[in-house]
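Me: I have a structure to go through with you. Can we start with what to be careful about?

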Amino acid sequence: MTSKTLCTLYTLMMILVALTSCSETETYAEQKEREESAISNYITKNHINAISEEQFKAQGDSTSVEKNEYVFFKSTGIYMQIVDKGCGEILKPNESADVLCRFQEFNINSDSLQLTNTGNVIYATTLDKMTVRNTSGTFTATFVSGLMYMAYGSTSVPAGWLVPLTYIRLGRPQNADDKVARVKIIVPHDKGHLYATNNVYACHYDITYMRGE
């Protein structure tokens, strides 16, 4: 591991320590209220147009990027914008595949970019690799390698990362017009990684999904 990598991970750990210190002075209800307020402010600040699941379905399971639409999944508290459904095919029932991801993780509570392997010289070649399985419409996944695994020390994939898999195609670009799937998603703490769950903070992710070889 390079000194730059260590420095970046050290900075991340300092942010997480600060969040932990803050959370120790609040009740869980107060932490949830603070998270909900942060999400609301983020939506307002970024002019996000939240649409219902009914409207999302009526639009062919799609969101308008031009209108900055995010579908709100009431049962999970997740907001999702499909920027591009991608090339290839949706992962079939009872099928497994390796999926490669690039992402930006923005901590909504602290209003800061927390982790990224997109446009980052240090991690430009570090794609996150996870093994995904579709079991009768229910997706499960495990990190095999990558920045999320390195930063948080867990193979568990945030539940929020799996929500888009119902709607996007997993492929590898073969032609100039082919694109990988890309989504933007607001993930509340209970659908995020272990640190987010324990410290009750939401993250906004910009993620691309590509089928592994």
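Me: Where does pLDDT stay under 50?
Reply: Over residues 1-8, for which the model has 9 contacts beyond four places in sequence. pLDDT is the predictor's confidence in each residue, from 0 to 100, and a contact means heavy atoms within 4.5 Å. Where pLDDT is low, the predicted coordinates should not be read in detail.

Me: What is the mean pLDDT of the protein?
Reply: The mean is 90, and 86% of the residues reach 70 or more. This is a predicted model, so local features need pLDDT of at least 70 and side-chain atom pairs count only at pLDDT 80 or more, while totals for chains, interfaces and linings use all residues. Residues are numbered from 1 along each chain as its sequence is written, and side-chain values use heavy atoms, with hydrogens and water left out.

Me: How many helices and strands?
Reply: The protein has 6 helices and 9 strands. These are DSSP runs numbered from the N terminus: helices are H or I with at least four residues, strands are E with at least two.

Me: And how much counts as buried?
Reply: 42% of the 213 residues. Buried means under 20% relative accessible area, exposed over 50%, and partly exposed in between, with a 1.4 Å probe and protein chains only.

Me: Which residues have the most contacts inside the largest nonpolar core?
Reply: M130, W161, Y205, I207 and Y209, in a core of 39 residues. A nonpolar core is a set of buried Ala, Val, Leu, Ile, Met, Phe, Trp, Tyr and Cys residues joined through side-chain atoms within 4.5 Å. Apart from that core lies another of 10 residues, including I39, Y42, Y70 and Y79.

Me: What does Y205 touch?
Reply: Beyond neighbours within four places in sequence, Y205 contacts F103, M148, W161 and H193, among others. Y205 also forms one aromatic cluster with F103, F143 and W161.

Me: Switching to rings. How many aromatic pairs?
Reply: The count is 9. Rings of Phe, Tyr and Trp (its six-membered ring) pair if their centres lie within 6.5 Å; planes under 30 degrees apart count as stacked, over 60 as edge-to-face and the rest as tilted.

Me: Why is the pair of Y42 and F106 tilted?
Reply: Because the planes are at 40°, with the ring centres 5.8 Å apart. Y42 lies in helix 2 (residues 28-45) and F106 in strand 4 (residues 95-107), so the pair ties together parts 64 residues apart in sequence.

Me: Is Y42 buried or exposed?
Reply: Buried, at 13% relative accessibility.
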